[in-house]
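Please look over the sequence and the model shown here. A short report follows them.

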Protein chains: 4
Amino acid sequence: MTGIAVLGTGRIGRMHAENIAAHPRARLAGVYDIHTAAAAEVAAKLDVPQFDSVEAVLASPDVDAVLIATSTATHADLLEQAVAAGKAILCEKPIDLSLDRVNACAATIAGTSLPIMLGFVRRFDTGHAGVRQAVESGTIGDLHQVVITSRDPGMAPDAYIEASGGIFRDMTIHDFDMARFILGEDVTEVTATGSRLVDPALMERCDDYDTVSVVLKTASGKQAIISNSRRAVYGYDQRVEAFGSAGMAISENHTLDHVRIHGADFTDRATPLKNFFIERYADAFAAEISAFVDAIEEGKPVPVGFEDGRQALLLAEAAIRSAAEGRTVPTSEIG
Amino acid sequence: MTGIAVLGTGRIGRMHAENIAAHPRARLAGVYDIHTAAAAEVAAKLDVPQFDSVEAVLASPDVDAVLIATSTATHADLLEQAVAAGKAILCEKPIDLSLDRVNACAATIAGTSLPIMLGFVRRFDTGHAGVRQAVESGTIGDLHQVVITSRDPGMAPDAYIEASGGIFRDMTIHDFDMARFILGEDVTEVTATGSRLVDPALMERCDDYDTVSVVLKTASGKQAIISNSRRAVYGYDQRVEAFGSAGMAISENHTLDHVRIHGADFTDRATPLKNFFIERYADAFAAEISAFVDAIEEGKPVPVGFEDGRQALLLAEAAIRSAAEGRTVPTSEIG
Amino acid sequence: MTGIAVLGTGRIGRMHAENIAAHPRARLAGVYDIHTAAAAEVAAKLDVPQFDSVEAVLASPDVDAVLIATSTATHADLLEQAVAAGKAILCEKPIDLSLDRVNACAATIAGTSLPIMLGFVRRFDTGHAGVRQAVESGTIGDLHQVVITSRDPGMAPDAYIEASGGIFRDMTIHDFDMARFILGEDVTEVTATGSRLVDPALMERCDDYDTVSVVLKTASGKQAIISNSRRAVYGYDQRVEAFGSAGMAISENHTLDHVRIHGADFTDRATPLKNFFIERYADAFAAEISAFVDAIEEGKPVPVGFEDGRQALLLAEAAIRSAAEGRTVPTSEIG
Amino acid sequence: MTGIAVLGTGRIGRMHAENIAAHPRARLAGVYDIHTAAAAEVAAKLDVPQFDSVEAVLASPDVDAVLIATSTATHADLLEQAVAAGKAILCEKPIDLSLDRVNACAATIAGTSLPIMLGFVRRFDTGHAGVRQAVESGTIGDLHQVVITSRDPGMAPDAYIEASGGIFRDMTIHDFDMARFILGEDVTEVTATGSRLVDPALMERCDDYDTVSVVLKTASGKQAIISNSRRAVYGYDQRVEAFGSAGMAISENHTLDHVRIHGADFTDRATPLKNFFIERYADAFAAEISAFVDAIEEGKPVPVGFEDGRQALLLAEAAIRSAAEGRTVPTSEIG
């Protein structure tokens with residue numbers, strides 16, 4: 001049983017802690033949060049130790065690995081400390097809002113053989129992974145286009161948006177990683193455009209967009225289209241489509257159950273979409289822990305690593321520049 | 001934490017043991033099987049005690065409840081013993097193949113206030129429960145017809161079929177309970193017909209059918225139609241439709257994931273159906289344990305009880321007679 | 001160009017007249033109705049002659065064939081007269097409400113080589129025909145079960161219902177024919193049950209049902225299940241499912257268009273079903289005319305003939321008796 | 001009855017001629033093609049006059065209107081001649097491959113009150129029009145994003161591709177018009193990218209692309225995304241999605257019929273997509289003729305006019321420039 005400590009017990013850290021506690025091959029070695037009350041609550045509920053400092057976590061022989069789910073600004077520091085302490089790492093995205101800091105972190109940890117995994121959870125969704133499998137297995141032939149639709153059910157709190165680093169770094173970053181996952185080839189060009197349609201005042205204040213379209217292109221000419229919105233009133237819209245020389249594969253949305261209703265005023269209506277990432281990707285979050293444990297216990301390569309996190313951030317930087325300057329930005333320009 | 005011991009560690013008992021072990025409010029108090037090696041394996045894997053007799057289980061103060069997943073012939077005896085020992089009970093269907101034995105068991109345990117729950121797991125499926133909810137809430141108005149499609153992915157082993165008590169008692173019994181669940185009113189008439197189409201030789205030998213159609217009717221004229229096959233090559237086909245004065249609700253099949261593929265030779269093809277009951281009703285089996293724990297810890301009524309088990313068996317008896325005699329059988333004739 | 005005269009210019013006759021007028025290989029030779037004003041209107045609109053008697057129609061050398069869309073009570077007489085006059089016939093169902101009258105008609109016209117086709121239009125629907133094709137081609141292997149769902153969008157006027165001969169002769173008759181079409185084998189047993197749920201008072205007055213379930217069985221054990229309602233508030237529900245040893249084929253409902261809408265209060269809602277038979281089976285009605293013209297011009301056998309009309313009525317008689325007596329009725333008992 | 005002559009009897013002209021001949025309120029006044037044998041065949045089949053020159057068509061008092069379905073290079077000339085002759089016009093897209101020529105044509109015909117309609121047939125599809133209706137009626141709130149998927153089932157002949165003016169002018173032009181139809185607001189920015197993936201050698205020779213992605217933006221920030229491929233092996237892929245503040249509407253693909261099949265090796269497989277535009281948009285082509293007749297007979301405004309044709313071509317020009325220069329092109333730069 002691999003002992004994993006969870007750093008950060010906000011919404012997503014708490015969920016990870018529960019998943020680890022329930023995992024047949026992992027053991028929740030304890031939790032830590034700078035907000036000690038929050039950590040205490042999780043520790044009590046799951047009957048595990050609460051650490052009183054990061055140092056205590058990293059010093060504990062019970063801790064084989066850490067899951068970093070703290071605020072973004074602390075990710076890179078914690079990652080470096082954990083590597084220094086010889087702990088395996090599962091780090092929530094993004095590594096940092098600054099590509100320079102990520103590059104510095106990469107230099108600091110260069111040469112480590114510790115498993116360092118990035119939390120791009122959507123790769124572990126059976127539907128999206130099924131699309132990739134349709135590409136890899138040749139079922140749809142040579143890949144030509146990828147179409148990713150990703151819309152959140154509603155705006156996050158203003159404070160979250162203001163600290164998020166902008167939609168490309170905070171939200172589209174998942175889709176950048178998904179595009180890379182399906183494309184299987186480096187992106188060489190990024191073209192992005194953004195609008196302020198959901199909450200223009202907030203977006204103006206943050207110099208950000210709430211509605212974006214992005215087109216990525218690889219050296220061989222493969223294209224990926226991403227559309228994002230901060231608010232889809234009908235729920236969390238998560239679709240991935242791959243189109244190739246021999247066919248097309250689509251990973252469709254998930255509804256709460258499989259009931260369809262017909263009434264006098266409507267026909268063939270489905271139940272609501274699963275509400276947000278914790279519900280929609282529940283199985284994927286559990287599979288993510290399994291993959292992390294596999295990497296630690298069996299020495300398997302991590303399925304999504306530090307460099308994937310860096311590349312996704314690099315695409316976000318390119319998108320920001322593209323949207324600002326109204327031109328296609330070669331990724332070679334960025335990093 | 002409610003301590004639950006599992007009696008019988010065959011395929012379904014093992015699954016229940018794992019679900020109980022993983023349940024946040026239940027504790028697997030141990031396992032027992034007349035095949036001690038089978039029980040030992042489960043006990044070792046889940047790190048729980050193995051009991052060496054039913055008596056030991058029932059005498060243990062660690063055991064608040066038992067889950068009966070042994071062979072059918074032992075269900076009624078074990079149920080009576082567990083009641084005598086003051087244990088709550090979750091019993092796999094059917095209570096017995098003989099309605100007389102079930103009636104005798106009912107008499108023996110009459111007056112107990114212990115939670116006694118029957119394992120009609122499909123009631124806990126969110127889709128089928130959603131159909132019932134559409135009926136109860138009035139969404140589809142007054143209920144007129146229920147249509148249940150229930151086809152197994154493949155024939156069970158010959159030995160299982162030969163000991164099953166026939167398709168109506170073994171397979172349709174789940175659909176009888178589902179019909180009762182959706183109808184919300186007692187069935188008064190049963191008309192059934194059966195054919196030998198999948199494996200005529202085996203069916204001849206067992207004097208049984210592998211393909212049946214059943215029509216149930218209530219006093220107010222509501223109708224339920226059930227169609228069953230022992231083998232659907234395309235997978236486990238589980239659909240429930242309710243039709244009423246204000247609309248229709250359908251609980252559709254579940255596929256392994258939500259990927260759809262289009263190719264040169266086919267259009268819009270889904271991934272396979274979930275294979276069989278352990279996969280298809282995985283969430284429902286977990287919800288069943290939760291409902292059982294609720295009944296024990298919070299004194300809530302069991303959502304499906306002994307009398308539901310008796311009624312489903314009574315409908316099976318009526319169906320057997322109807323198919324044999326080519327006439328509609330009033331349930332009042334049976335019991 | 002085959003000259004076809006239409007007898008009866010009610011709703012369905014008018015539609016047939018328009019279809020014939022628009023057909024590339026047919027010519028509308030004129031119309032006749034005992035209600036001369038109704039016929040006059042159609043004649044004027046389509047710019048064709050109005051006949052003033054059946055005799056005039058049958059005497060006209062311009063008339064190669066007649067389409068009988070008058071009231072049911074006149075069908076058999078007109079059919080006999082048309083045969084005597086040497087005209088090809090396309091007759092709306094049923095031939096008559098009385099099986100005896102149909103048998104007498106059969107005797108009268110015995111030996112004719114004129115094309116006599118019955119208007120079971122659903123056989124010409126590409127979806128339902130696709131299911132039959134999946135059976136005939138072996139795609140789904142040996143056929144085991146057929147499931148037919150057929151629900152009208154709303155009650156017809158009381159007068160229509162009162163004169164209809166009852167739901168089995170008027171409505172289920174289409175499903176009896178569809179079952180025969182898919183089964184490809186004679187039905188030997190009929191079991192039917194009926195309820196008064198939509199309009200109990202009217203049904204009581206007519207000694208009829210508005211909600212029925214029927215199970216048919218062939219000599220080899222194939223089963224067909226039919227469910228009918230006189231009123232589905234969500235529209236005209238027309239589905240056909242065939243299940244066999246190698247798979248299943250389903251002909252699904254048709255919506256008005258292919259738009260799906262997601263909103264804050266609902267998910268993935270389709271546009272309404274096509275309202276009723278004239279809309280739902282518009283293409284099938286046109287294909288029916290084509291098949292009739294093929295039979296006349298090219299001497300091809302009619303795809304659905306007099307005997308099909310007689311057999312469907314025979315099943316209706318058996319269903320009436322089964323529902324009344326609560327037993328399975330062998331078709332050999334009826335005729 | 002409006003008399004309409006068809007100029008050009010290639011595949012699409014022939015189809016229009018048949019639609020006009022079958023239309024209840026239109027009359028096919030004759031056909032003309034520079035290839036006299038092709039025109040003769042259509043004239044004979046439909047039993048209408050064959051004109052021996054454009055002048056003869058325009059001089060005929062039987063001709064109220066002309067449908068221009070000749071080769072693209074002749075469209076603008078014929079349009080000017082028809083206006084001079086006082087004939088209403090339905091012109092296939094594009095008006096010309098050159099925006100300058102289109103602008104000159106606009107100047108020439110300025111001030112005419114004749115109905116001049118452009119053949120953007122997809123506007124008449126009930127599904128796509130249903131999406132626009134969902135926007136206009138407010139069902140999906142304020143529009144934010146439009147996503148158009150448009151993939152041909154296979155490459156056209158090399159000669160066609162070589163003369164087409166490139167994918168943006170020939171194929172995407174339909175999607176530019178569809179985007180304008182749904183957006184309901186002028187496009188101000190065009191960003192396009194293209195690849196050579198289907199037939200790189202031919203594309204190289206033509207200096208063209210076979211796979212493109214385009215993002216359009218309006219002054220208010222609405223976005224439209226278009227993805228095109230010259231070859232989708234699974235059929236003619238035609239989908240339109242509109243996303244807004246109150247929901248989403250999708251116009252889905254059309255299959256040949258509504259049969260779904262489940263087998264041992266696949267689950268829930270639909271029949272093929274309708275093959276190409278003549279099948280897929282058959283109803284839309286008929287509705288287009290109706291709209292044209294309405295404009296002529298009832299003086300209704302044409303639903304899609306000359307300026308719509310010009311605007312779509314202008315977007316094509318902008319896309320060509322954007323793809324070539326790797327930057328967002330303001331439409332103000334073009335025209």
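This is a predicted model: local features need pLDDT of at least 70, side-chain atom pairs count only at pLDDT 80 or more; totals for chains, interfaces and linings use all residues.

Residues are numbered from 1 along each chain as its sequence is written, chains are lettered from A and ligands numbered from 1 in the order in which they are written, and side-chain values use heavy atoms, with hydrogens and water left out.

**Helix H6 of chain A**

Helices (H or I, at least four residues) and strands (E, at least two) are DSSP runs, numbered from the N terminus. Helix H6 of chain A covers residues 126-136. Its buried residues are A:Gly127, A:His128, A:Gly130, A:Val131, A:Ala134 and A:Val135. Buried means under 20% relative accessible area, exposed over 50%, and partly exposed in between (1.4 Å probe, protein chains only). Seen down the axis of H6(A), the buried residues fall within an arc of 155°, so they line one face of the helix. The arc is taken from the directions from the helix axis to the C-beta atoms. An α-helix has 3.6 residues a turn, so residues three or four places apart point the same way.

What do the buried residues of H6(A) pack against? In chain A, the partners are strand E6 (143-151), helix H9 (172-183), strand E10 (237-244), strand E11 (247-251) and helix H11 (277-280).

Now the two ends. At the start of H6(A), a side-chain oxygen of A:Asp125 comes to within 3.1 Å of the backbone nitrogen of A:Gly127. Just after H6(A), A:Gly138 has a positive phi of about 85°.

**C:Ser213**

C:Ser213 sits in strand E8 (residues 211-218) of chain C. Is C:Ser213 buried or exposed? It counts as buried, at 1% relative accessibility. Contact means heavy atoms within 4.5 Å. Leaving aside neighbours within four places in sequence, C:Ser213 is in contact with residues including B:Val215, B:Ile225, C:Thr191 and C:Ile226. Its side chain also makes the polar contacts in the table. A polar contact is a pair of N or O atoms within 3.5 Å; within protein, one must be able to donate a hydrogen and the other to accept it, and residues adjacent in sequence count only if both atoms are side-chain atoms.

| Side chain | Partner side chain | Distance |
|---|---|---|
| C:Ser213 | B:Gln145 | 3.5 Å |
| C:Ser213 | B:Gln223 | 2.7 Å |

**Chain D and chain B**

A rotation of 180° with 0.0 Å of shift along its axis superposes chain D on chain B (RMSD 0.0 Å). The two copies are thus related as by a two-fold rotation axis. Copies are superposed by least squares on the C-alpha atoms of residues with pLDDT of at least 70 in both. In chain D, the C-alpha nearest the axis belongs to D:Arg269, 2.1 Å from it.

15 residues of chain D are in contact with 15 residues of chain B. 100% of the interface residues of chain D are also interface residues in chain B, so the copies meet through the same surface. There are two salt bridges between these chains. A salt bridge is a side-chain nitrogen of Lys or Arg within 4 Å of a carboxyl oxygen of Asp or Glu. One joins D:Asp268 and B:Arg260 (3.3 Å, N to O). On the side of chain D that touches chain B, E13(D) supplies the largest share, five residues.
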